[in-house]
Amino acid sequence: MKLPKAGWLSIVPNKNTLEFVPLRRYPKKQFPGMVSAIIGRHTKAKIRFNPHGRPSQSHHTPARLRHLSRKNHYQAGPFVAILTSNNKKPFGGNHQNFADLIRTGREMGVTVFVLTPQGIGNHSTVNGYLLDPHSVKPRWKAARLPFPNVVYNRIPNRMIEKTPEVRQTIRQLQQMPGVYLFNPGFFDKWTLYQQLAASPDLHRLLPETVRLHHMEQLERMAAKHPVLYFKPVEGKAGIKMMRLDKKKQHYELSYQTTREKKKYRVRTLKEVWDLYNRLKQKTAYILQQGIPLATFHGHPFDIRILLQKNGTGRWGLSGMGVRVAGERAISTHVPMGGHIEKIDTVLQSVFGSETDRIKERIEQVGIRTARWIENQQNALLGEMSMDLGIEKDGSLWIFEANSKPMKFDEPNIRRRSLRRLIEYSLYLSGFSHTSEGTAT
C-alpha cells in the first residue's frame, strides 16, 4: 500500500462524485483522473482528482488519500468525530476546545467535526457540525459527513454520560468494526483506587483510602492520620471536597462548595460524622489520608501531568505543571483559588540539583500508571491527566487520574496536546505517516 497523500476533499452533499485537490508539492502525474474510494468508515464514492484546482474553504475539508491494493481503489480520511451531548443548541461541551482541535486537525490534514448521539443515523453517513473557518469565535455549520473512523469521547459530564441514549451510543460505536472510540467514560475515584492498589509496584504510591460507609472507618483513619480528605467518588475540581484537621482540643472540618469554603469547628468525631452526613447528602465519598505536601512560598503544591498516546500508539508525557494552593484553600484546583506556576521554577526552588531526577521519576510513574489503568479498565484510552503529590523529601504519591482532562493553560502543553490527539487518531485509523506534513 502506498503512503497517504494529503490534500482537500469536497464535501458537497448529495453528490456521488467528489473532488480531491492534492497539495501542490506532489507531482501532478501521480494522480489518475477518476477513482473508486471509501470515504471515512465505509462510505463509497467516486473521486475526481483535480491537481490544478484551488480548494474553496467552505466546500473542502482536509483529508489524506491512500492507494489500496486494488488498481484505482483508494481510501480517503481519516474523519475524526468529537462526541458530545445534544442538550444545548447546537450541542454541549467546551466549544473553544473543540474549535482548537478542529483547527489543529486542519493544519495536519485531518477533518475533525462535532457529533452528537442524535446525529448518528444509517451508519453510512452522520449529521455533524463543521467549524466555520472564517469565524474568529467558534461558529458551526451543520453538515452531512461520512461515518467517522475515530471518535473522541468528550461527553461533558457524568450525568449526561449515564443517560440511556448516550450509553447506547457509546456501546454501538465500540462494537462497530472500523470505528475506534477512545476514552469511553469517566473514571471514578474508588474504582480507580482499587485498580491501582492491585499493581505490584504502584500500590506503594497510594495514600491510604477507604470507601466511606461507617463511623468506625472514620475513627480508625483519624487515629492514624492527623489530616483526612473526604472526596466525592465522582467529584471534579475539588467541588464538595472536605478536609478534616485534628487540633489539640477539637476538629476542624472545611467544606468546599462551588462558590466558597465553609469551615466548621467540632469537638468529637461523632459530631464530625453527623456533620459529614448532613453535608454529603446522597453523594458517595472516599476517605483518604492527607499527605504533607512540599510547599512553595509557604503554600502546598501538587503536580498535574498529561499523558497521551502518540502517532505510534504508545503512552508518553505531553506535559507537567504545578498547581499551588490558594490562601486557606483545601485543594490546589485553580477554580478553587489555586494558581499555576512554572514547574522548573518550583522544583528548583524546593529541590535544587535534584530537579531533573524528580522530573524523570514523575514521567516514569505517569507512564507506568497510564499503562496499568488502561489495562485494568479494559478500554481503549488515548489520554488522561493525573494529580501527583510530592513531599519535601521528594516522595511521590498518586492522588487521582482523569479520563476527561481539563485544558492545560501552559501554551506549550496545550499545543502539544492538540497535536498528539490528531497523531493518535491518524495511528488508529491507519493513515499515520510522519513525513506527510500539513495540509496547507
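Predicted model: local features only at pLDDT ≥ 70, side-chain atom pairs only at ≥ 80, totals over all residues.
Residues are numbered from 1 along each chain as its sequence is written, and side-chain values use heavy atoms, with hydrogens and water left out. Helices (H or I, at least four residues) and strands (E, at least two) are DSSP runs, numbered from the N terminus.

**The barrel**

- Six strands close into a barrel in the order β1-β2-β4-β3-β6-β5, with mixed pairing; two strands pair if DSSP finds at least two bridges between them.
- On average, neighbouring strands of this sheet are turned by 45 degrees against each other, direction ignored, with axes taken as lines fitted to C-alpha atoms.

**Strand β3 and its partners**

- Strand β3 (residues 34–39) runs parallel to strand β6 (residues 73–77), and four bridges join them.
- Ser 36 has His 73 as its bridge partner in β6, and Ala 37 has Tyr 74.
- With strand β4 (residues 43–49), β3 pairs in the antiparallel sense over six bridges; here Ser 36 stands opposite Lys 46.
- Three residues separate β3 and β4 in a hairpin, and Gly 40 in the turn has a positive phi of about 65 degrees.

**Helix α1**

- Helix α1 (residues 95–107) has 13 residues and reaches 18 Å from its first C-alpha to its last, close to the 18 Å expected at 1.5 Å a residue; the expected span is 1.5 Å times one less than the number of residues.
- Asn 94 caps the N-terminal end of α1, with a side-chain oxygen 3.2 Å from the backbone nitrogen of Gln 96.
- Just after α1, Gly 109 takes a positive phi of about 80 degrees.

Note on methods: Polar contact = N/O pair within 3.5 Å; in protein donor to acceptor, adjacent residues only side chain to side chain. Axes fitted to C-alpha atoms, helices over the stretch in contact; angles between N-to-C directions.
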